Amino acid sequence: MKEERIVVIIDADGSMSAKTSGIKGTRCIEELEQLLDQLAEVDDVEHTREFHERDPVAGQRAKGKQHIGGGQQ
Amino acid sequence: MSGVWREQSIPMVDRACALEAFAAIGGHVTTASSSVLQVQVNGREWTVRHVNGRYSVRYNARGGVRPTWFAELSKAYEAAYTAKLQRLKAEEERATAEHERAALIEERRQLEAQRLELIQTRREEILQRAKAMGYRVKETKTNGQIRLVLVRNG
């Protein structure tokens with residue numbers, strides 16, 4: 001089984017960053033959204049090559065930068 | 001690697017600095033309670049909620065773009081926060097009366113405590129959610145920075 005990994009850094013000033021690896025397609029954003037919802041605005045996720053590979057679970061494809069999270073106003 | 005995300009500003013933990021930041025970008029607070037602020041920016045009303053240790057402006061990023069004034073607000077907040085810390089330190093040094101100095105030290109301690117509380121809230125929430133999502137978590141801490149490595153077999 002392939003390993004899915006998320007590294008979350010919380011800096012001393014309280015700000016956060018995260019990197020995912022082994023999670024393909026839009027699922028990497030969904031995972032971050034689920035993990036960080038309400039804790040931070042998870043927008044402007046930069047996608048790497050793996051993002052554009054077809055995810056066998058979700059079977060979806062997406063391109064470019066995607067904005068997610070934020071909530072409603 | 002499939003996705004990289006970085007928070008675009010330091011979290012707004014201090015209410016006075018948050019209010020100062022909104023004023024600096026031309027925002028106007030219309031109503032305020034302990035946990036919710038209504039702020040008018042560029043003629044539009046926004047709700048600012050105190051959630052998980054920080055003041056947060058919610059917006060629908062799926063349906064639109066990040067408001068341009070967010071970047072200005074972040075800079076204004078950082079400037080207000082830095083200025084407040086410096087002011088408290090300077091006033092502490094100048095204070096001659098012991099009770100004045102104690103009050104200033106306490107104010108600075110509370111400012112610091114808000115930051116530490118935010119870090120703990122974020123850490124605990126992520127640990128809890130990660131476990132619920134089926135991840136194993138390894139945690140390390142270096143110079144005040146917390147690193148959480150979440151691993152799951154896909």
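This is a predicted model: local features need pLDDT of at least 70, side-chain atom pairs count only at pLDDT 80 or more; totals for chains, interfaces and linings use all residues.
## Elements of chain B

Chain B contains 3 helices and 7 strands. Read from the N terminus, the order is β-α-β-β-β-β-α-α-β-β.

## Overall form

Chain B has 154 residues, of which 23% count as buried. Its radius of gyration is 19 Å. A compact globule of 154 residues would come out near 15 Å. Along the principal axes, the C-alpha atoms occupy a box of roughly 60 × 40 × 25 Å.

Contacts in chain B can also be sorted by separation in sequence. Take those between residues at least 6 apart: 42% of them join residues at least 24 apart.

## The side that touches chain A

On chain B, 42 residues are in contact with 48 residues of chain A. Four elements of chain B each supply at least two residues of this side: β1 (3-6), β4 (44-51), α3 (98-132) and β7 (145-153). By type, the residues on the chain B side divide into 20 nonpolar, 10 polar and 12 charged.

## A strand pairing between the chains

One of the bridge pairs is A:Ala18 with B:Trp5.

Notes. Residues are numbered from 1 along each chain as its sequence is written. Chains are lettered from A and ligands numbered from 1 in the order in which they are written. The radius of gyration is taken over C-alpha atoms; the globule rule is 2.2 Å times the number of residues to the power 0.38. A residue is buried if 20 or more other C-beta atoms lie within 10 Å of its own, exposed if 12 or fewer, and partly exposed in between; C-beta atoms are placed from the backbone. Two residues are in contact if their C-beta atoms, placed from the backbone, lie within 7 Å. Ala, Val, Leu, Ile, Met, Phe, Trp, Tyr, Cys and Pro count as nonpolar, Asp, Glu, Lys and Arg as charged, and the others, Gly among them, as polar. Two strands pair if DSSP finds at least two bridges between them.
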